[in-house]
Every structure is written in structure tokens, then in C-alpha cells.
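Subject: Structure for you to look at

Hello,

Here is the structure I promised to pass on. Please open it and keep it beside this email as you read.

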Amino acid sequence: GLADKLQQTFKKLRGRGKLTESDVSEALREVRMALLEADVNFKVAKDFVARVKERAVGQEVIASLTPAQHVIKIVYEELTQLMGGTQSRITISSRPPTVVMLVGLQGAGKTTTAGKLAHLLKKQNKRPLLVAADIYRPAAIKQLQVLGEKLELPVFTLGDKENPVRIAQKAIEYALSHARDIVIIDTAGRLHINEQLMDELKAIKNTVKPHEILLVVDAMTGQDAVTVAETFNEQLGIDGVILTKLDGDARGGAALSVRAVTGRPIKYVGMGEKLDALEPFYPDRMASRILGMGDVLSLIEKAEEAINLEQAREMEKKIRKEEFTLDDFLDQLQQLKKLGPLDQLLSMLPGMGNLKKLHGLELDEKEIKHVEAIIRSMTKKERRDPSIINGSRRKRIAMGSGTKVQDVNRLLKQFAEAKKMMKRLQEMQKTGKKGFKLP
Ligand code: GDP
Ligand code: MG
């Protein structure tokens with residue numbers, strides 16, 4: 001998918017020290033291809049790449065970042081911006097009830113989303129009322145009633161003989177007299193956009209004046225979803241989009257293009273069929289997911305699971321007493337290796353990012369293998385006290401581990417630095433400054 005493609009592209013960049021303009025151009029061409037393959041709108045992809053290029057070439061590289069990281073940072077920021085920058089919430093009226101109208105084509109997920117949204121709002125101590133205004137689709141009313149029962153929430157219906165405008169109107173009266181503070185109207189869709197559908201929706205809109213008109217679109221339909229959003233916005237006016245079925249193998253194009261094409265933000269995303277599978281949409285989190293940095297919080301969680309707490313305390317003690325040996329170093333590397341892509345993880349962990357930057361400990365998977373091999377080629381005594389590792393021992397270790405003497409030298413230097421650094425961070429922590437904390 002898109003995430004894999006972009007990660008591959010950036011992996012190529014990472015391998016280099018300095019980036020030339022043609023490195024950047026090459027990478028951005030691949031970014032553009034990846035976006036198009038993910039079904040991102042052509043113009044959106046083109047403008048996006050142009051913006052990234054302008055920033056990547058025109059700007060000074062931040063001292064603490066490698067050129068590759070710098071490009072990734074810009075791409076991350078621009079992706080976030082493309083999707084609206086910050087989270088867009090729904091408007092809650094100061095005079096209840098807040099009226100939310102869900103619109104969209106048949107099968108997009110309106111009825112399901114009505115239930116999910118009601119569930120989400122109920123958890124926020126709101127008192128939603130579900131309104132069955134789809135009088136055409138067989139069993140549409142029943143579908144909403146079943147959801148209402150599950151959620152223990154009232155569902156307003158006047159059957160399928162009454163017209164949707166009157167249903168919506170009566171529902172609001174009902175909400176007022178029964179102290180329901182949010183009215184969620186589930187409207188009818190059609191297979192395609194047509195005049196009849198739009199006229200009906202406009203009539204409801206003009207009568208009940210919803211605070212939020214949310215368009216529900218199916219992410220699996222890619223660019224079609226974006227076209228639908230454009231048309232609904234032009235003809236009816238929408239306040240935001242709910243993108244459903246993002247749990248399937250949607251290519252992501254819709255998520256990336258909707259905002260840029262329509263000017264309307266994605267407010268929620270549907271991540272499954274269950275009632276709790278609706279999430280607020282966070283552009284920054286989506287951008288990091290696409291770039292494969294993963295969710296910062298879930299990374300930290302993962303780290304906490306894998307690094308045994310007991311061991312961490314043990315390590316802390318050793319650092320304090322300056323007993324931190326190459327064996328411990330190796331242990332720690334192996335702990336980290338369990339967690340997946342290392343460079344990503346390190347930059348996520350509090351303190352670790354700095355540690356890596358400060359000491360050039362570029363821990364990619366291949367290098368870790370080298371480091372492991374080198375340490376394993378040392379004797380127990382050498383691991384405990386690296387100061388005894390003289391020239392001939394260095395030669396032996398290099399031979400044994402299939403590396404060069406320079407590699408052994410570098411590792412020993414890094415280890416000494418890391419040790420010093422850990423000590424210093426510990427002291428900082430003791431004196432109450434914000435810094436490195438062992439998990
Ligand atoms: P409506 O015609 O717009 O009211 O669409 P429905 O709410 O009836 O949903 C159509 C189908 O899509 C149903 O089978 C839902 O279970 C499914 N669906 C809705 N949202 C999601 C989602 O976020 N993920 C997945 N996997 N399925 C969804
Ligand atoms: Mg429906």
C-alpha cells in the first residue's frame with residue numbers, strides 16, 4: 001500500500017549522508033507515483049509534491065536532522081496539512097438540540113454510522129435521538145431500531161408513509177419535549193446522485209436547519225468518494241465528511257484528497273462494522289500512519305510490554321553504579337530489536353531520540369547485527385572491562401566477527417559515549433530536570 005511505498009522511498013534516502021537535489025527529485029517522483037497509485041487525485045498529488053519540493057530545496061536543513069529526516073519531516077507536515085491540519089469536531093449548539101444530518105449514497109454506511117455516532121456521543125454524556133428518515137430502503141427503519149435497542153437509545157420514526165421532511169421536523173419537537181440534546185437524522189440514499197435525492201435533502205435542510213450536515217462516503221470507492229463529496233458540497237453544502245470502511249483495503253486516496261478537493265474536513269472515520277468502530281479523525285496521526293512512524297502512543301506501549309520492568313530497574317541500578325557493561329549493552333539492543341523497526345522506535349521513545357542523535361548511534365538492523373557479532377566475539381572479561389581491549393585484541397575481535405578493526409573501534413567509542421550519556425541523563429533526572437527516563 002501507500003505506507004509501504006513511501007517507506008521504501010525514504011529508506012533509500014536514509015542510506016545517504018548528504019542529499020543532492022536529484023536525490024530529492026527522485027524521491028519525490030516516487031512519492032508522487034505512490035500517491036497516484038493510492039488513488040489520490042492527480043492535481044492534489046502534483047501540488048503536494050511541488051509544495052514539498054519548494055520547502056525541501058529552499059530551506060536550511062535543521063542541524064539536528066539528517067537531510068533524509070528533513071525531507072520526511074516536510075512530507076509529514078504537508079500530509080498533515082493536506083488533511084486539514086488539526087482535528088475538526090462537530091459543532092454542538094449552545095441551544096439544544098444539536099441537529100446532525102447524515103447524507104450520502106446507498107450503502108455508504110449512513111445507518112451504521114448513525115448508530116456509531118450516537119454511541120460515541122452517549123459515551124460523552126450526551127442524550128442522542130436517532131431519527132429514521134429513510135422511508136425507501138426496505139427495512140431501513142428496522143435496521144436503525146435494532147441499533148437503537150443495542151445502544152439503549154430512542155429511535156424516532158413515523159413509519160414509511162410519512163414524508164422525510166415531516167419526520168425530521170417532528171423528531172426535533174420530540175427531542176425538545178424529551179430532553180434529547182442531539183438529533184441524528186439518518187436520511188435515504190440513492191445508488192447515484194440524482195435530482196430527486198438532492199431535492200429531498202435540500203427540503204430537509206431548509207426546514208430543520210441542521211447544525212451539521214455530514215456526508216458519509218465509502219473509502220473503498222477511492223476517487224469516486226471524492227467526486228461524490230464535491231457534488232454534495234456544491235449542491236447541498238456539507239460541513240464535513242465521515243469516511244467509512246477505512247478498515248478494509250482502501251488505498252487511502254480518499255482520505256488524502258477529500259479536504260483538498262472539497263475544502264471540507266474529514267471529521268470521523270469508520271474502522272469496522274461494530275458500533276464502537278468510529279474514531280475522530282486526526283490528520284497528524286493519519287500522516288504518521290501513512291509514513292509508517294506508527295502511532296507514538298502505541299509504540300510506547302509496545303516498548304513497555306517488551307522491556308521487562310524488572311530488567312529496566314536492574315539496568316538503572318547498574319548505570320548508577322557505573323557497572324553498565326557491554327553485555328548489558330547487548331541485552332538492551334536485543335530488547336530493542338524485539339520492538340520492530342529500530343530507528344523509528346528510538347526516535348519515538350522519550351530521551352532515546354536524543355541519545356541517538358547525540359552520539360551517531362545509527363541503529364539500523366544491519367548495524368545491530370554487526371554490533372552483536374562484535375560483542376559476541378569478545379571474551380567475558382573484555383565485555384566487563386573494555387579498557388583491556390588493546391590493538392591485538394581488537395584485531396582478533398574484528399576477525400572473529402567478520403568486521404574491520406575500525407568497526408570495533410567505533411563500537412567501543414560509542415559504548416563509552418553511551419555510558420557517559422546515560423550517566424549524565426541520570427544525573428539530570430536526579431536534579432529534577434526533564435530528560436531521559438527508563439521505562
Ligand atoms: P447506508 O445505506 O448508507 O445506510 O449504509 P449501511 O449503514 O446500511 O451500511 C452498508 C454496509 O456497510 C453494511 O454492511 C455495514 O455494516 C457496512 N459498513 C458501514 N461502515 C463500515 C465500516 O466502517 N467498516 C466496514 N468494514 N463496514 C462498514
Ligand atoms: Mg441506511
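Below are the notes on what was found in it.

First, the ground rules. This is a predicted model, where local features need pLDDT of at least 70, side-chain atom pairs count only at pLDDT 80 or more, and totals for chains, interfaces and linings use all residues. Residues are numbered from 1 along each chain as its sequence is written, while chains are lettered from A and ligands numbered from 1 in the order in which they are written.

Helices and strands are DSSP runs, numbered from the N terminus (helices: H or I, at least four residues; strands: E, at least two).

Helix pairs

Start with α5 (residues 110-123) and α6 (residues 140-151). They pack at an angle of about 20 degrees, and their axes are 10 Å apart. Axes are lines fitted to C-alpha atoms, for helices over the stretch in contact, and angles run from 0 to 180 degrees between N-to-C directions. α5 and α6 are therefore roughly parallel to each other. (Under 35 degrees counts as roughly parallel, over 145 as roughly antiparallel, 65 to 115 as roughly perpendicular and the rest as oblique.) Their crossing is right-handed. (Right-handed means that the near helix is turned clockwise from the far one by less than a right angle; anticlockwise is left-handed.) On the α5 side, the contact is made by Thr111, Ala114, Gly115, Ala118, His119 and Lys122. On the α6 side, Ala140, Gln143, Leu144, Leu147 and Leu151 take part. (Two residues are in contact if their C-beta atoms, placed from the backbone, lie within 7 Å.) By class, this contact of α5 with α6 has six nonpolar, four polar and one charged residues. (Ala, Val, Leu, Ile, Met, Phe, Trp, Tyr, Cys and Pro count as nonpolar, Asp, Glu, Lys and Arg as charged, and the others, Gly among them, as polar.)

Next come α7 (residues 164-177) and α8 (residues 195-208). Their axes come within 9 Å and cross at roughly 30 degrees. α7 and α8 are therefore roughly parallel to each other. α7 passes α8 in a right-handed crossing. Pro164, Val165, Ala168, Gln169 and Ile172 in α7 meet Glu200, Ala203, Ile204, Thr207 and Val208 in α8. That contact of α7 with α8 has seven nonpolar, two polar and one charged residues.

Then look at α9 (residues 223-235) and α10 (residues 253-262). The two pack at about 25 degrees, with axes 9 Å apart. That makes α9 roughly parallel to α10. Here too, α9 passes α10 in a right-handed crossing.

Ligand 1

Which residues come nearest to ligand 1? Of the 19 residues around it, they are Gly109, Lys110, Thr111, Thr112 and Gly270. (Near means that the C-beta atom, placed from the backbone, lies within 6 Å.) The largest share of the shell, three residues, comes from α5. The shell has four nonpolar, eleven polar and four charged residues.

Most residues other than glycine have a negative phi, and most peptide bonds are trans. A cis peptide bond joins proline 96 and proline 97, with omega about 0 degrees. Proline 97 is in the loop between α4 (67-82) and β1 (98-103). Alanine 139 is not a glycine, yet has a positive phi of about 65 degrees. Alanine 139 sits in the loop between β2 (128-133) and α6.

Best wishes
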